[in-house]
Structures are given as structure tokens and as C-alpha cells.
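This report covers domain division, ligand surroundings and helix packing. The sequence and structure come below.

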Amino acid sequence: MNITVIGTGYVGLVTGACFSEMGNIVYCVDVDENKIKSLKNGIIPIYEQHLKRIVNNNYNNRNLIFTTELKEGLQNSDICFIAVGTPMAEDGCADLSVVFQVAKNIGQIMTNDLIVVTKSTVPVGTGHKIRKIIQKELDKRNVNYNFEMVSNPEFLKEGTAVEDSMRPDRVIIGSEDEKTINTIKELYAPYVKNHDRFIVMDIRSAEMSKYASNAMLATRISFMNEVANICEKVGADINKVRLGVGSDNRIGYSFLYAGCGYGGSCFPKDVSALIKTGEIAGYSPKILNEVENVNNEQKMVLVNKIKEKFGEDLSNLSFGLWGLSFKPGTDDMREAPSIVIINELIESGATIKAYDPKAREPAEAIFVNNQNIEFCDNKYDALDDSDGLIIVTEWNEFRSPDFNEISNRLNNKLIFDGRNQFDKEVLNKIGFEYYQIGA
Ligand code: UDX
């Protein structure tokens, strides 16, 4: 099939690359000329496993075309995916200005029948608004092309985005048009081979499914963080409680890890947008508001533990910090708990030596001109002259470090672990004072 994907951000680029990998001709369109130029030169703006290889191979095979001209894509395509950003606006709603601009452009430019698919996470009702915008532009031009709207929310996770796209758990198709549904099924058939993973529903329910999924996962995390905080008070161990809870088939083990809060480009913005959707529609969500509140407080838990140990004033103290990205496997710093933790420690007088396997560059950009943080090339270098180690993101390379090296480099054998990587008993035995979440 011939496809246009509008937006070359996380979702757009991965989606476009994975469609081209199966032999489709994909036009990836973006208004950012520099980005398109870089992509043509094989430079991928984000770190994501396997992505560079797939993009470059398919670009060289001419399955993947990068362009700033929407027209070039649309006139050659049967399907057009909208995959532009829907960031959080100041009032907590999803900012749909780019989505609506794209809809307008489609209506102004399209020269043939088209299936228009929203992949961007958009509030319920957006698909219908997009339809109206496109139709209005067609009416202005006095032309009449058939176009069908589909909601096809994206569930990929950063760090495993390519695998998630190549083997999705489910493909939600929000559409009521039989022919359109069959075309989308045909497109996705190679990705869901031998499994019936299509779920067909109306557009509004498809849009809501994406928000409800992310909100459910965020709720599980905040719930476990809350239980962890209670565990600490009553002498229980969240690491054991997690096993006791997750072993119930009805609950399952995933997304039950207590930690120093969730971040990223999705959970914070989507929980907030769903709260707003409810409020605008006349229902004030209760659980979702608390999911957000618990998460904001959870980002402070490590700082509170450090202050319990050293007092409110952290002047003359320095900490080694491992892990800056919001989760392992990505260089994405959006809403990363590390930002809150670092700012708070520096505010209280401390200095930081930070290390991350991939996120150094974006983190440097965030803390540019801040003299109180230094970035290191190696995890052990971050410990020199430091009064303790803080672990914020659970990259694989932090899982079984050389504890002799750690104790040789640190001033104190002290670890504050926001991701519960180690066995407390083992660490205590080798002389470490070890603080984790919920135990
Ligand atoms: C999420 C959804 O999982 C994905 O389906 C959607 O398409 C986009 O949003 P992503 O933001 O890439 O994906 O990361 P995810 O793996 O879901 O983790 C989000 C945050 O939750 C991270 O900060 C992670 O550290 C935290 N987390 C996750 C926990 O604190 N505990 C857990 O048990 C799981």
C-alpha cells in the first residue's frame, strides 16, 4: 500500500519505518526541514533500538520517503496517518492545534479519495472534529473526494517501540465503515499473523481506549507507590508484596513496580487530559486526580530520604546520580523524575555528578548553565568525592555493578535506590547503608 505518515516524532517515525519494513511505500512528512534533511542523511533524532537500521535500509530501498511536502505524500497515498504531537497545554488539556492544522492542510491538498487515520493520542470527539475540518476545506474548494476517518491509537512503548509496532498486542480500529475496516486490517495483517488481534469499535470508544489504558497503567503504578509508602511505615517489604499481589491471575505482575514516580511523554499528559475531558463533560474524576497527586509526591521520595539522613541543608554534599532518562532504553527526558530530584537537591545546596548511558545530551540541554551539576562519561566516575549514590533509572548496566569499585570511589557506603535494584540484606552484609522504596 502507499501511505503518508504526518509527523516524524516518536510515533510517526516508528510507525512509518515499520510500515515500510513490510514493503509498503511510506511518505513521512514533517514541517521541520532540518529534521527531514537529517533523516535523509541517516541521522535519527531519537535513540530507539533497531530504528536506525530499519529507517536507513528502507530509505535506501526507496520504500521510505522523507519530505516536507504533504502534497507529495497525499497524491500518492490511499491512507494518511496523523501522528503529530498532542502535548499538554497550560490548562492540562491536550493541545490539538497541530492536529487541527494538519486536518486543514489535508482538506486543502488532497486530490483523491483517502482514509485518514489518527494515531496521535487525541481526546474523545477529535476524530469527528477532524472530519468536519477536512470536509469544510473540501467544500471551500468545491471538490468532493470520499474520505473516511479512523481512530487507530498507538500503544508502543519507548525503548521497545520497534518490537511493539512489529508485534502489537492489539490493533484497535475505530471505524464504522466496513470497507475501511478491511483496508486497515489488510495493512496490519502481516504484524498480527496467526493471531486475531483486531478490535473494531466506534471512533469515540477507540479514542477513549487509549486514554483509559494509559490511565489504568499509571493508576497501578501510583497505587503500588502508595502501598510502598505504607509498607515503609509498618515494616513490610513492597518487593515481596508485589509478588504476593501479582501472582493473582486477575492482577498480573506487570506495572506493579514501586519507584520514584512515572514520567515520559504519555502518562503525565494523558492522565491530565483525561481528567480535563471528564471535567469538560461535567464529571470530575476522583481516582485520576489522586493518581497524579501521588505521582508528583513520589518524585520527592528519594529527596526526602536524603534529607532524613543529612538534614534539610545539603550544602557541601555531593551525590553521584545514575540514570537520567524517564526510563531505561531511551534518551527521552520528558517529565523524567530525575529533573525534579536534581533540581530539589541543588536547591537544598548539594552538587550532583550524573551519568546516563544515553540521555547525557538532552539532560545537558536541560541543565545548561547550571554549575552545580556535572555529567560523567562513566558510572563510576560519578561517584568520585560523592557522599552517596542515587539511582533514578534502572538501566541494565546498573543491575550488578562492582560494589568494591562503588565503595572505593564513594565517601560513604551509601545508596539511595529509586528502582529497588538490589537485595537489601546482601548490601547490608557488605557494609552498605541501602535505602530503597517501600522496604
Ligand atoms: C506508555 C505506555 O506503556 C504505552 O502503551 C503508550 O503508548 C505510551 O505510554 P512509555 O511512556 O514509553 O509507554 O513507558 P512505560 O514503559 O509505560 O513507562 C512509563 C513510566 O512508568 C516510566 O517512567 C516507568 O519508569 C514507570 N513505571 C513503569 C513504573 O514506575 N513502574 C512500573 O511498574 C512500570
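**Domains**

The model is predicted. An automatic or database domain assignment divides the protein chain into domain 1 (2-201), domain 2 (211-296) and domain 3 (299-435). Between the C-alpha centres of domain 1 and domain 2 the distance is 30 Å. Eleven residues from domain 1 and ten residues from domain 2 form the contact. On the side of domain 1 that touches domain 2, eight residues are nonpolar, two are polar and one is charged.

**Ligand shell**

Where does the ligand lie relative to domain 1 and domain 2? The ligand lies between them, because both domain 1 (2-201) and domain 2 (211-296) give residues to the shell around it. There are 19 residues around the ligand, and those that come nearest are Glu158, Tyr257, Tyr262, Gly264 and Cys266. Sorted by class, the shell has eleven nonpolar, four polar and four charged residues. H9 supplies three residues, the largest share of the shell around the ligand.

**Helix packing**

| Helix pair | Angle | Axis distance |
|---|---|---|
| H9 (residues 203-234) and H12 (residues 287-298) | about 55° | 9 Å apart |
| H9 and H10 (residues 238-246) | roughly 130° | within 10 Å |
| H13 (residues 301-310) and H14 (residues 337-347) | about 30° | 9 Å apart |

How are the helices of the last pair oriented, H13 relative to H14? H13 and H14 pack at an angle of about 30°, which makes H13 roughly parallel to H14, since angles under 35 degrees count as roughly parallel. Their crossing is right-handed. From H13, the residues Leu302, Val303 and Ile306 take part in the contact, and from H14, Ile341, Glu344 and Leu345. Five of the contact residues of H13 with H14 are nonpolar, none is polar and one is charged.

H9 takes part in the other two pairs, with H12 and with H10. The angle of about 55° between H9 and H12 means that these two helices are oblique to each other. H9 passes H12 in a left-handed crossing. On the H9 side the contact is made by Ala215, Ala218, Thr219, Ser222, Asn225 and Glu226, while H12 brings Ile287, Leu288, Val291, Val294, Asn295 and Gln298. This contact of H9 with H12 comprises six nonpolar, five polar and one charged residues.

With H10, the axis of H9 crosses at roughly 130°, so H9 is oblique to H10. The crossing of H9 and H10 is right-handed. Met224, Val227, Ala228 and Cys231 are the residues of H9 that meet H10, where Ile238, Val241 and Arg242 are met. By class, the contact of H9 with H10 holds six nonpolar residues, no polar residues and one charged residue.

Methods: Residues are numbered from 1 along each chain as its sequence is written. This is a predicted model: local features need pLDDT of at least 70, side-chain atom pairs count only at pLDDT 80 or more; totals for chains, interfaces and linings use all residues. Axes are lines fitted to C-alpha atoms, for helices over the stretch in contact, and angles run from 0 to 180 degrees between N-to-C directions. Helices (H or I, at least four residues) and strands (E, at least two) are DSSP runs, numbered from the N terminus. Angles under 35 degrees count as roughly parallel, over 145 as roughly antiparallel, 65 to 115 as roughly perpendicular and the rest as oblique. A crossing is left-handed if the near helix is turned anticlockwise from the far one by less than a right angle, and right-handed if clockwise. Two residues are in contact if their C-beta atoms, placed from the backbone, lie within 7 Å. Ala, Val, Leu, Ile, Met, Phe, Trp, Tyr, Cys and Pro count as nonpolar, Asp, Glu, Lys and Arg as charged, and the others, Gly among them, as polar. A residue is near a molecule or strand if its C-beta atom, placed from the backbone, lies within 6 Å of it.
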